[in-house]
Amino acid sequence: MSENKVMNTNLENIKEDHEHVYDRHKALKALDESKAGVKGLVDIGVSKVPKIFIHENIHEHDNKHTISTSTNLSIPLIDFGPLFTNPTSSSLRLEIVEKVKYASEKWGFFQVVNHGIPNNVLDDMLDGVLRFHEQESEMKKEFYSRDINTKKVNYNTNFFDLFVTPAVDWRDTLSCIVAPQPLDPQELPTVCRDIIMEYSEHVKKVGRILFELFSEALGLNSSYLEEIDCAKGLFLLCHYSPPCPEPELTFGSSAHSDSSFLTVLLQDQIGGLQVFHENQWVDVTPIHGSLVVNLGDMMQLITNDKFLSVKHRALATKIGPRVSVACFFRQHLPPENSKVYGPISDLLTLENPPVYKETSVKNLISHYYGKGLDGTSALDHVKL
């Protein structure tokens, strides 16, 4: 049987799994072996969400009277323009630092405008992700893999947690490890190679600015967080969520917090991203030209809960595809992931003792991957 026939057979089996005795592992294996992703299911005309994608408890929390979706709240919006137009103004910088501090302590999320990356680069990056995911399946298959330990570039469905997550999310992902070791451009798909390399360099610069501001917001020297290697690693996830026939049954991305020190997200104009704040889900309304910044578990750990790593999710939608690019600042592979972190000693006092034990990046990420996107925090694993 040809490879294409095998792929189509696998996808058809998933499409029709509601008509047969349900074998979850078999369905997951069929999806993985098709190497066609969620996009492949849409391409063959799936009209119902296959059972492996259905989140049985999708409205479990939202139906309780204490939890709702807010239409009145919005995450903080911070203008970085003065950092570039008035770089010598200490008062303007202090205003931005205070806004970053507030957002980090109260929300764990904020949007940034005038961050230094040209709009055409942002648009080209989203277009590049779209081009990759919408090319012929045969072109994508050469990148299909779950080998996140040795391969720097991977394409797959549900990234690391396909076989461990309670329910599969409605998305495919191209992932790239671009730092600390330089990524050879030849390892990247041709259709998005140049823009990924260009965008990554821009994001590194934005990351350095952010880590300076975070350091100052903590009352530390502006170079502190960069000196302890928080900005050393950079890992990109280029997500693609095609239109979903039954978006009320699944997610584009299940509720989770990030494992990183810092995440910089570029999203298109479709929307769907939500942040959990004060016991309710808050929409992150897309602003063209903006970047969404959120803190990850490693940042909450080293700041001893001063800065927050909060749950967020992406809704599935009938319109689309929805495209986003999440850039994670963290050490991903050895030897960098053996580095041990704990609460920063300068932030500890008798009244503020350490909340977490020291842990290696590898230990935290291994636990994070092992549990999947189940809505629980990986930090529970290292609490004292």
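Is E201 buried, partly exposed or exposed? Select E201: its relative accessible area is 41%, so E201 is partly exposed. Here buried means under 20% relative accessible area, exposed means over 50%, and partly exposed is in between (1.4 Å probe, protein chains only).

Before going further, note that this is a predicted model, in which local features need pLDDT of at least 70 and side-chain atom pairs count only at pLDDT 80 or more, while totals for chains, interfaces and linings use all residues. Residues are numbered from 1 along each chain as its sequence is written, and side-chain values use heavy atoms, with hydrogens and water left out.

**Stop 1: salt bridges**

A salt bridge here is a side-chain nitrogen of Lys or Arg within 4 Å of a carboxyl oxygen of Asp or Glu. E201 and K204 are three residues apart in helix 8 (residues 193-217), so about one helical turn separates them. Helices (H or I, at least four residues) and strands (E, at least two) are DSSP runs, numbered from the N terminus.

Next, select K339 and D229, whose side chains meet in a salt bridge at 3.8 Å, N to O. K339 sits in the loop between strand 13 and strand 14 (340-341), and D229 in the loop between helix 9 (224-227) and strand 6, so this pair ties together parts that are 110 residues apart in sequence. K339 is partly exposed at 30% relative accessible area, and D229 is partly exposed at 22%.

Now pick E138 and K141, another salt bridge, with the closest N and O atoms 3.2 Å apart. They are three residues apart in helix 7, which puts about one helical turn between them. E138 is partly exposed, with a relative accessible area of 41%, whereas K141 counts as buried at 8%.

For a network, select R93, E212 and E216, which are linked by salt bridges. How many salt bridges does a search of the whole structure find? The search finds 10.

**Stop 2**

Switch to a cartoon view. Eight strands form an open sheet of mixed pairing, in the order 2-3-11-8-13-6-5-4. Its edge strands are strand 2 (77-79) and strand 4 (153-157), each pairing on one side only. From one strand to the next, the twist averages 25 degrees. Two strands pair if DSSP finds at least two bridges between them.

Zoom in on strand 2 and strand 3 (residues 109-113): they pair in the parallel sense over three bridges. Select D79 and you will find V113 of strand 3 standing opposite.

Then colour helix 6 (residues 119-134), which lies across strands including strand 5 (172-179), strand 8 (262-267) and strand 11 (291-295). Helix 6 runs at about 65 degrees to strand 6 (234-241). For such angles, axes are lines fitted to C-alpha atoms, for helices over the stretch in contact (heavy atoms within 4.5 Å), and angles run from 0 to 180 degrees between N-to-C directions.

**Stop 3: aromatic rings**

A search of the whole structure finds 11 aromatic pairs. Rings of Phe, Tyr and Trp (its six-membered ring) pair if their centres lie within 6.5 Å; planes under 30 degrees apart count as stacked, over 60 as edge-to-face and the rest as tilted.

Select F261 and Y341: the ring centres are 5.1 Å apart and the planes at 70 degrees, so the pair is edge-to-face. F261 is in the loop between strand 7 (251-256) and strand 8, and Y341 is in strand 14, so the pair ties together parts 80 residues apart in sequence. Both F261 and Y341 are buried.

Finish the rings with F110, F211, F214, F307 and F329, which form one aromatic cluster.

**Stop 4**

Select S145, in the loop between helix 7 (137-141) and strand 4. S145 is buried, with a relative accessible area of 13%. Leaving out residues up to four places away in sequence, S145 touches K151, N154, Y155 and N156.

Last, go to helix 2 (residues 24-34), whose buried residues include A27, L28 and L31. Just after helix 2, K35 takes a positive phi of about 55 degrees.
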